[in-house]
Amino acid sequence: MYDYNEKAVREQLKCHDSFYLYDERIIKKHINELKEGFKNETIIYSVKNNPNTHVLDTVFSSGIGADAASLAEVYYAYDRGLPKDMIYFSCPGKTIKDIEESIDKAVIIADSINEIKVIQTIAEARNIHVNVGMRINPDFSFFGEGKGSPSKFGVDEDQAIAFIKNNSCSNIIINGIHVHLHSQELSADILSGYHKKMFALARRIQDKSGATLDYINFGSGLGITFAESNKPLNLSAVAASFEAERAEYIKDHPDTRFIIESGRYMSGKAGIYAAKVIDRKVSYGKNFVILKNTLNGFARPSVARMLAAVTGGEEPEIMYEPMYTGRSSFQFLPITDNTETETVTLVGCLCTGTDVIAQDIVMPHLEPGDGIVITNAGAYAAVMTPMQFASLEKPAELFLKEDGTVLS
């Protein structure tokens, strides 16, 4: 059963035709789970998954750092008082402006050797020395025993080692590494195997290049349940395995810090999307329920429906995170007092046939004024939705505090 406050949703449907509702209680619950599991690690929040101001206030006031993927996200964290060493700026294609404005506000994770040279030019002009992290594209896969593969992200492992060993950028010290290969993993064994390979990578880099790594950013991968058939990640098992590897590593490197990105773990299950029933019709014997703002309110369910139509219902061989997790990633929960059921297709109000979120599903009879709640809307939801489509009114973003207060 999805954990959400139906009473609060019913109240908000009286004044909003569509809205997100993020629950402070659930965000804090997941923060505490991570803190209890990874007691000795620095935990950082992936701002890009949900930068809602109240969500950020809750996360950053809990002692969590920031994984920033843009200069704006650096400022979101910096303006909330986070110190430089708790803001990690990692993305490909940083501009000169990005680097100039973030160099004294965040730890920059360089995504290429060329980017390091740009940082060197800026540091030299300011007559400063800068500690820089490097994102590595390692010579291993996230799964099993596979080797590395070409990627837009990071510097290939052998290139990184060669550069660090012969670093000619006199104002730059490479003092940390970052790797992120995969998102939304629910297997504790696979995730723990990845962490073991990361510890081995850090040893290789230090042994072959002579670098001293002040920190290792392990990236994310922590998954949440989407489909009802998903088995939750055994976070305790992942954390216990990590702590065992860490204990061995710090025997030789006692001053190294370890960073875990939370990905969508804190906020993903803490949000719902609600849309009001605007109209209904029967066409050639088929029931259509028309909702306010679906594709242009919360796009991912429509994307899942489109991909299912293209593939004939088969799951693709690779994941398309964070736009697509799976065809059964969302539940559609009725907000109505009717109990009689019918088979319906749920559609939105856009002038496109792709604005469909569910087809031929059994639900209670829905009338205009009733509502639908869509689950798993706390991460990669509002931020990935084309809300300008048709210039319609955007859904509200609401925040449910622990005391029951709702903030807009």
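Colleague: Which side chain does the side chain of Tyr265 make a polar contact with?
Modeller: The partner is the side chain of Glu33, at 2.9 Å. A polar contact here is a pair of N or O atoms within 3.5 Å; within protein, one must be able to donate a hydrogen and the other to accept it, and residues adjacent in sequence count only if both atoms are side-chain atoms. Keep in mind that this is a predicted model, where local features need pLDDT of at least 70, side-chain atom pairs count only at pLDDT 80 or more, and totals for chains, interfaces and linings use all residues. Residues are numbered from 1 along each chain as its sequence is written, and side-chain values use heavy atoms, with hydrogens and water left out.

Colleague: Where is Tyr265 found?
Modeller: Look in the loop between strand S10 (257–261) and strand S11. Helices (H or I, at least four residues) and strands (E, at least two) are DSSP runs, numbered from the N terminus.

Colleague: Is Tyr265 buried or exposed?
Modeller: Tyr265 counts as buried, because its relative accessibility is 10%. Buried means under 20% relative accessible area, exposed over 50%, and partly exposed in between (1.4 Å probe, protein chains only).

Colleague: And what does Tyr265 touch, not counting residues up to four places away in sequence?
Modeller: Its contacts are His30, Glu33, Leu34, Leu222, Gly223, Ile224 and Leu235. Contact means heavy atoms within 4.5 Å.

Colleague: Which residues lie nearest the centre of the largest pocket?
Modeller: Those are Arg135, Phe153, His180, Leu181 and His182, out of 37 lining residues. Strand S6 gives the most to this lining, with three residues. By type, the lining of the largest pocket has 15 nonpolar, 15 polar and seven charged residues.

Colleague: What about the volume of the second largest pocket?
Modeller: The second largest pocket has about 670 Å³. Its lining has 23 residues, with Met1, Tyr2, Asp3, Thr225 and Lys269 nearest the centre. Helix H2 brings the largest share of that lining, four residues.

Colleague: How many cavities of 30 Å³ or more are there?
Modeller: Three. The largest cavity holds about 70 Å³ of space. Among the residues lining the largest cavity are Tyr2, Asp3, Leu21, Lys269 and Leu400. Strand S1 (18–23) and strand S11 (271–283) each supply at least two residues of that lining.

Colleague: How many disulfides are there?
Modeller: The count is zero. A disulfide is a covalent bond between the sulfur atoms of two cysteines. The rule used here is a pair of cysteine sulfur atoms within 2.5 Å.

Colleague: Which peptide bond is cis?
Modeller: The one from Glu321 to Pro322 is cis, with omega near 0°. Pro322 sits in the loop between H10 and S13. Gly326 lies in the loop between helix H10 (299–311) and strand S13 (332–335), and Gly326 is buried at 7% relative accessibility.

Colleague: Last one: what is the phi of Asn127?
Modeller: Asn127 has a positive phi of about 60°, although it is not a glycine. Asn127 lies in the loop between helix H6 (113–126) and strand S6 (130–137), and is exposed at 67%. Ser391, also not a glycine, has a positive phi of about 55°, and Ser391 is exposed at 69%.

How values were computed:
On a 1 Å grid over the protein atoms alone, a cavity is a set of points where a 1.4 Å probe fits but cannot get out, and a pocket is an open set with protein on both sides within 12 Å along at least five of seven lines; lining residues have an atom within 4 Å of a point. Grid points are joined across faces, edges and corners, and a volume is the space filled by probe spheres set on the points. Ala, Val, Leu, Ile, Met, Phe, Trp, Tyr, Cys and Pro count as nonpolar, Asp, Glu, Lys and Arg as charged, and the others, Gly among them, as polar.
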